[in-house]
Amino acid sequence: MSGHSDAVISVAISPDRETMASGSRDGTVKVWNLQTGECLCSLVGCNPVAFSPDGQTLVTGGDGAQMLVWQAFV
């Protein structure tokens, strides 16, 4: 999987093991399909990245002391 323009600092795998999120120094978080390697979306955020236990929410770092909460998409 490639797509970040700088080092990946944090990775999280969803509880169903179908999706992975990667946080990079380039200021983006990418969400990946683990089966195909396809980038499903790119979000503005940074590390760390973590999925909720039900896999419906992704939490990422943001600028400064921000924490960003992303809801799952269908």
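## Thr 36 and its loop

At 55% relative accessibility, Thr 36 counts as exposed (exposed means over 50% relative accessible area, buried under 20%, partly exposed in between, with a 1.4 Å probe and protein chains only). Thr 36 sits in the loop between strand 3 (28-33) and strand 4 (39-44); strands (E, at least two residues) and helices (H or I, at least four) are DSSP runs, numbered from the N terminus. A polar atom of the Thr 36 side chain lies 3.1 Å from the backbone nitrogen of Glu 38. Such a polar contact is a pair of N or O atoms within 3.5 Å; within protein, one must be able to donate a hydrogen and the other to accept it, and residues adjacent in sequence count only if both atoms are side-chain atoms. Between Thr 36 and Glu 18, 18 residues apart in sequence, the C-alpha to C-alpha separation is 9.6 Å.

## Basis of the model

This is a predicted model, in which local features need pLDDT of at least 70 and side-chain atom pairs count only at pLDDT 80 or more, while totals for chains, interfaces and linings use all residues. Residues are numbered from 1 along each chain as its sequence is written, and side-chain values use heavy atoms, with hydrogens and water left out.

## Overall fold

The chain has zero helices and seven strands, so the order of elements from the N terminus is β-β-β-β-β-β-β. The radius of gyration of the chain is 11 Å, close to the 11 Å from the globule rule for 74 residues, so the chain is as compact as a globular protein of that length. The radius is taken over C-alpha atoms, and the rule is 2.2 Å times the number of residues to the power 0.38.

Along the principal axes, the C-alpha atoms fill a box of roughly 30 × 25 × 20 Å. Of the 74 residues, 36% count as buried. The chain exposes about 4,600 Å², with 53% of it supplied by carbon and sulfur atoms; accessible areas come from the Shrake-Rupley method with a 1.4 Å probe, and for residues only the protein chains shown count as cover. Among contacts (heavy atoms within 4.5 Å) with a separation of 6 or more, residues 24 or more positions apart account for 26%.

## Thr 60 and Met 67

Thr 60 belongs to strand 6 (residues 57-61) and counts as buried, at 2% relative accessibility. Leaving aside neighbours within four places in sequence, Thr 60 is in contact with Val 29, Gly 45, Cys 46, Pro 48, Val 49, Met 67, Leu 68 and Trp 70. With Trp 70 there is a side-chain to side-chain polar contact of 3.1 Å. Cys 46 is 14 residues from Thr 60 in sequence and 6.1 Å away in space, C-alpha to C-alpha.

Met 67 lies in strand 7 (residues 67-71) and counts as exposed, at 61% relative accessibility. Not counting residues up to four places away in sequence, Met 67 touches Val 59 and Thr 60. Met 67 and Asn 47 are 20 residues apart in sequence, with their C-alpha atoms 9.7 Å apart.

## Arg 17

Arg 17 is placed in the loop between strand 1 and strand 2 (19-24). At 60% relative accessibility, Arg 17 counts as exposed. Arg 17 is not a glycine, although its phi is positive, about 60 degrees. Apart from neighbours within four places in sequence, Arg 17 is in contact with Leu 34 and Gln 35. The C-alpha atoms of Arg 17 and Asn 33 are 9.3 Å apart, for a sequence separation of 16 residues.

## Nonpolar surface patch

Val 8, Val 11 and Ile 13 form a nonpolar patch on the surface, together giving about 250 Å² of accessible area. Patches are made of residues with over 30% relative accessible area and no salt bridge; like charges are joined within 9 Å, and nonpolar side chains (Val, Leu, Ile, Met, Phe, Trp, Tyr) within 5 Å. A salt bridge is a side-chain nitrogen of Lys or Arg within 4 Å of a carboxyl oxygen of Asp or Glu. Val 8 is found in strand 1 (residues 8-13) and is partly exposed, with a relative accessible area of 43%.
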